[in-house]
Amino acid sequence: MIESPAVREPLDPFDAHAPFDVEGHDFAFDDIPDLHEVLAAARVRKPYAIVPFLGTRAVLFLTHDLVTAAFKDEESFPASAIYAATTEPVLGHTIQCMRGAEHRINRKLVVPAFRRKLVTDQVEAILEPLAHELVDRFESRGEADLVTEFTHGYPVRVITRLLGLPMDDEERFRRWAVDLFHFPMAPEAAERASREFTEYVTPIVARRRTDPGDDLLSTLACTEAEGRRLTDEEILSFLRLLFPAGADTTYLGLGNALYALLTHPEQLARVLADPDEELEWAVEESLRWEPPVGLLPRVCPAPVRDWQGLGLDIPAETPLIFAITAANRDPAHYPDPDVFDIGRRVRPTLAFGDGPHVCLGTWLALAEIRAALKVLLQRLPTMRLAAPTRVRGLLGTALRGPESLRVRF
C-alpha cells in the first residue's frame with residue numbers, strides 16, 4: 001500500500017522560518033538601486049509582500065488600491081503609532097502624532113496658513129524671485145550642480161521667507177532641517193538641532209503673538225478654531241515638522257522632476273515649446289513617476305484580521321510599508337506606468353499621501369516646484385546633463401532623489 005505524502009500546512013508568513021517574498025534587502029536601511037523592478041516583480045505575484053525590515057518582518061503594500069486604503073484606514077494603521085516613536089522625541093507632539101478630536105482641531109488651526117488662496121495670492125509672489133536669486137549665482141559659469149546649488153537650498157529659502165524669519169540664517173535652517181530628519185539614525189545631531197531651533201524660534205513666536213504681521217508664522221499664532229488657538233508648543237512642534245518635511249521632500253521632488261526631464265529630452269522639448277500648457281503636467285507626472293517619499297513606514301498597533309480581504313492576519317506591532325512608488329506605477333491604474341509621459345494628464349497621485357493625514361503643504365510644494373522649473377527653463381533653456389546620475393534612496397528607501405545633477409548650459 002502506497003502512503004499519501006503528508007500534507008503540510010503553509011507556514012505563517014510572520015513565522016521566523018518562513019521565506020521572505022523579497023530577499024536580500026532590508027527595506028529600512030538599504031538603498032535599492034533597482035527599486036522599481038524589485039517592487040514590480042513582487043507585485044506580479046500578489047498585491048503585498050513580506051519583506052525584511054529592521055531585523056524583523058514587515059508587510060509591504062504594492063498596489064494603488066491597497067496603498068490608498070491603507071492611508072485612509074486610521075483605525076487599523078494610525079499615523080500616531082509610528083510617529084510617536086520615530087519623530088516625537090525631537091519634533092514634539094506634531095499633527096502627525098494626533099488622532100480624533102485633537103487632530104481635527106489642530107488641523108483646523110493649521111490649515112488657514114496653507115489654503116490654496118494663500119499659495120496663489122501671497123506665496124507665488126516670492127517663489128520666482130527666490131529662484132532667480134539662486135540662478136544668478138551660477139548662470140555665468142555655464143555649468144552647475146543643480147542639487148547642491150539650487151534644489152537643496154530653494155525650499156528652505158521659501159519657508160524662511162514665508163515665516164518671516166531672518167534670511168541671513170539660511171544655512172543654519174538648512175542644517176537643522178537635515179539633522180531633524182535623521183532621528184533616530186543620528187540621535188545626537190537631531191536632538192541638538194531640535195534644541196537649537198527651539199531656542200531660536202521661541203522668542204519670535206512670542207513677538208508674533210503681540211505684533212502679528214502678514215507672514216505664515218503670524219497666521220499660526222493668531223488663528224482660532226473651536227474656541228482656542230495653538231499653544232506655543234503646538235506652534236513650535238509644527239515648525240519643527242515643517243522645516244524637514246517641507247524642505248527635504250520638496251527639494252527631492254524638484255530634483256526628481258529635473259532628473260525626469262533631463263533624461264527624457266523629448267519631454268523637456270515639449271515643455272520648452274509650450275510651458276504655459278505643459279509645465280504643470282510635467283510636475284504632476286514627475287511626482288507620479290518618481291515621488292520623493294518612495295516608501296512610507298507605518299506600524300499596526302493591534303492585530304488586524306483579513307485586512308481588505310487579502311486572507312492575511314497582521315499581528316500587533318507589525319511594521320508596515322506603504323509603497324507609494326509602487327502604487328504610482330501600478331499598471332492596473334496607470335497604463336505603461338514606467339514611461340515618463342507628461343501627456344498622461346493624471347492627478348492626483350499618492351505622492352502627498354491620502355486620508356486624514358494627507359500633506360497639508362501639497363499646494364505649496366506644487367507651487368514651489370512649478371515656479372522653480374519655470375525659472376530654470378527660462379534662464380537655462382539649453383541645459384543638459386554633464387555627468388551620469390541616478391535617483392537613489394536616502395534614509396534607506398524612504399526618501400528618493402538624485403545625488404547630483406551636474407548640468408551644462
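Arg 305 and Asp 313 pair through their side chains in a salt bridge, at 3.4 Å from N to O; the term covers a side-chain nitrogen of Lys or Arg within 4 Å of a carboxyl oxygen of Asp or Glu. Arg 305 counts as exposed, at 67% relative accessibility, while Asp 313, at 36%, is partly exposed. (Buried means under 20% relative accessible area, exposed over 50%, and partly exposed in between, with a 1.4 Å probe and protein chains only.)

Please keep in mind that this is a predicted model, where local features need pLDDT of at least 70, side-chain atom pairs count only at pLDDT 80 or more, and totals for chains, interfaces and linings use all residues. Residues are numbered from 1 along each chain as its sequence is written, and side-chain values use heavy atoms, leaving out hydrogens and water.

The structure holds 31 salt bridges, and here are three of them.

| Salt bridge | N to O distance |
|---|---|
| Arg 305 and Asp 313 | 3.4 Å |
| Glu 278 and Arg 345 | 3.1 Å |
| Arg 400 and Glu 290 | 2.9 Å |

Glu 278 and Arg 345 form a salt bridge. Glu 278 sits in helix H14 (275-289) and Arg 345 in the loop between helix H15 (324-327) and helix H16 (362-379), so their pairing ties together parts 67 residues apart in sequence. Helices here are DSSP runs of H or I with at least four residues, strands are runs of E with at least two, and both are numbered from the N terminus. Glu 278 is buried at 8% relative accessibility, whereas Arg 345 is partly exposed at 30%.

Arg 400 bridges to Glu 290. Arg 400 belongs to strand S10 (399-402) and Glu 290 to the loop between H14 and strand S6 (295-300), so this pair links parts 110 residues apart in sequence. Arg 400 is buried at 3% relative accessibility, and Glu 290 is buried at 4%.

The largest cavity holds about 50 Å³ of space. A cavity is a set of points on a 1 Å grid over the protein atoms alone where a 1.4 Å probe fits but cannot get out, and its lining residues have an atom within 4 Å of a point; grid points are joined across faces, edges and corners, and the volume is the space filled by probe spheres set on the points. Among the residues lining the largest cavity are His 93, Asn 106, Leu 230 and Phe 238. Helix H5 (100-110) and helix H12 (232-262) each supply at least two lining residues.

Conventions:
On a 1 Å grid over the protein atoms alone, a cavity is a set of points where a 1.4 Å probe fits but cannot get out, and a pocket is an open set with protein on both sides within 12 Å along at least five of seven lines; lining residues have an atom within 4 Å of a point.
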